[in-house]
Amino acid sequence: YLIHYAGPTGYAHHRAAGAKWVEGLGLTVGEDDVTITAGAQHAILTTLLANTGRNDIIATATHTYPGIKWASDLLGLRLIGVEIDDGGLLPDAFERCCAKHKPKFLYCIPTLQNPTCAVLSESRRRALAEIAEKYDVAIIEDEINRRLIDNPPPLIRSSAPHRTYLVASLAKVVAGGLRTCYLVAPEADRENIHRAIIGTTLMVSPLMSELAAMWINDGTAERTIAVKR
C-alpha cells in the first residue's frame, strides 16, 4: 500500500502519527484534523493557493523566511513587511498594516523566528490573534522550530483556532529531507486544502509518511530533537 496512490488525505495511521506530533507542540487534535503535506513549504503554498487570489496581500515580518517570498511570487501575491524588535512582531505595527493594507493572511514564525530567533511572548501572541480577529485576517502559524526550546508560550492557534493554520513540520527539528509536515487548518477549509494538494502533488508520498510515522512512534524523532537541543 505504500507504493500506491493514497489520495490527498493520506492514510489514517499516518494522520494519527501527525496528531501525536502536533500534541507535542501543545495542541490536542484528532487524526481527521491533520492534513499531511510534503514539507512546511508545501503547507504554506497549499494554504495560500486555496485561499488567495492574485494581488492579495500577505503580512509578514520585515525579516522573514524566504520561502514565503517564493510562494507569494509564484501565486502573484504582495508581501507587506511588519516591523519587529528583539521580541519579534510588534502588534501595533501589525494593526497599522491591517488598517492600511487589509492583508488576507499574516505569516509568522512565533518561536525561534527565521532569521532572528526571536520568541514571541504570550501577550504578543494573544494581541496578534485579537488584531487578526478584528480585521478578519487569517494566520499561518509556522512552528517549525518550536520543539527546540523548553516550555514555549502557548500557540497563537489556541487563541484563534477558526482562523489559524498551524504548520508543524519535521524538517528543522528532525530531518529536512523527510519532506513531511502536518497542517492543522480550520475545519471549514480542509476540503479546499485537499484540492490544493491534488493540484500540486496529487498526494504526499506514503513512503515518506510511513517513515515519519515510524520515527514519531518509536521515539527516533524525540531522540533527534534532544540531540539538536
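User: How many nonpolar, polar and charged residues does the lining of the largest pocket have?

Analyst: The lining has 4 nonpolar, 5 polar and 3 charged residues. Ala, Val, Leu, Ile, Met, Phe, Trp, Tyr, Cys and Pro count as nonpolar, Asp, Glu, Lys and Arg as charged, and the others, Gly among them, as polar. This is a predicted model, in which local features need pLDDT of at least 70 and side-chain atom pairs count only at pLDDT 80 or more, while totals for chains, interfaces and linings use all residues. Residues are numbered from 1 along each chain as its sequence is written, and side-chain values use heavy atoms, with hydrogens and water left out.

User: Which residues line the largest pocket, and what makes a residue part of a lining?

Analyst: The lining consists of Gly39, Ala40, Gln41, Tyr65, Asn114, Asp142, Ile144, Asn145, Ser169, Ala171, Lys172 and Arg179. On a 1 Å grid over the protein atoms alone, a pocket is an open set of points with protein on both sides within 12 Å along at least five of seven lines, a cavity is a set where a 1.4 Å probe fits but cannot get out, and lining residues have an atom within 4 Å of a point. The space in the largest pocket is about 160 Å³, a volume being the space filled by probe spheres set on the points, which are joined across faces, edges and corners.

User: How many cavities of 30 Å³ or more does the structure hold, and what lines the largest?

Analyst: There are 2 cavities of 30 Å³ or more. The largest cavity has about 70 Å³ of space. Its lining is formed by Ala61, Ile84, Gly88, Leu89, Cys108, Ile109, Pro110, Gln113, Ala118 and Leu120. By class, 8 of these residues are nonpolar, 2 are polar and none is charged.

User: What is the space in the second largest cavity, and which classes line it?

Analyst: The second largest cavity holds about 50 Å³ of space. Among its lining residues are Ala6, Pro8, Tyr11, His14, Ile36, Met203, Pro206 and Ser209. Its lining comprises 7 nonpolar and 5 polar residues, with no charged residue.

User: Why is α1 called oblique to α7?

Analyst: The axes of helix α1 (residues 12-23) and helix α7 (residues 206-217) cross at roughly 45° and come within 9 Å. Angles under 35 degrees count as roughly parallel, over 145 as roughly antiparallel, 65 to 115 as roughly perpendicular and the rest as oblique; α1 is therefore oblique to α7. Axes are lines fitted to C-alpha atoms, for helices over the stretch in contact, with angles from 0 to 180 degrees between N-to-C directions. Helices (H or I, at least four residues) and strands (E, at least two) are DSSP runs, numbered from the N terminus.

User: Which residues make the contact of α1 and α7?

Analyst: His13, His14, Ala17, Lys20 and Trp21 of α1 make the contact with Pro206, Ser209, Glu210, Ala213, Ile216 and Asn217 of α7, where contact means heavy atoms within 4.5 Å. These residues divide into 5 nonpolar, 4 polar and 2 charged.

User: Why are α2 and α6 called roughly perpendicular?

Analyst: Helix α2 (residues 40-51) and helix α6 (residues 190-200) pack at an angle of about 115°, with their axes 8 Å apart. They are therefore roughly perpendicular to each other. The contact includes His42, Leu45 and Leu49 of α2, together with Asn192, Ile193 and Ala196 of α6. It has 6 nonpolar, 6 polar and no charged residues.

User: Where does α2 meet α3, and which classes take part?

Analyst: Gln41, Ile44, Leu45, Leu48 and Leu49 in α2 meet Gly67, Ile68, Trp70, Ala71, Leu74 and Leu75 in α3. This contact of α2 with α3 has 9 nonpolar, 2 polar and no charged residues.

User: Where is Pro115, and what is the peptide bond from Asn114 to Pro115?

Analyst: Pro115 lies in the loop between β6 (105-108) and α5 (122-135). The bond from Asn114 to Pro115 is cis, with omega near 15°.
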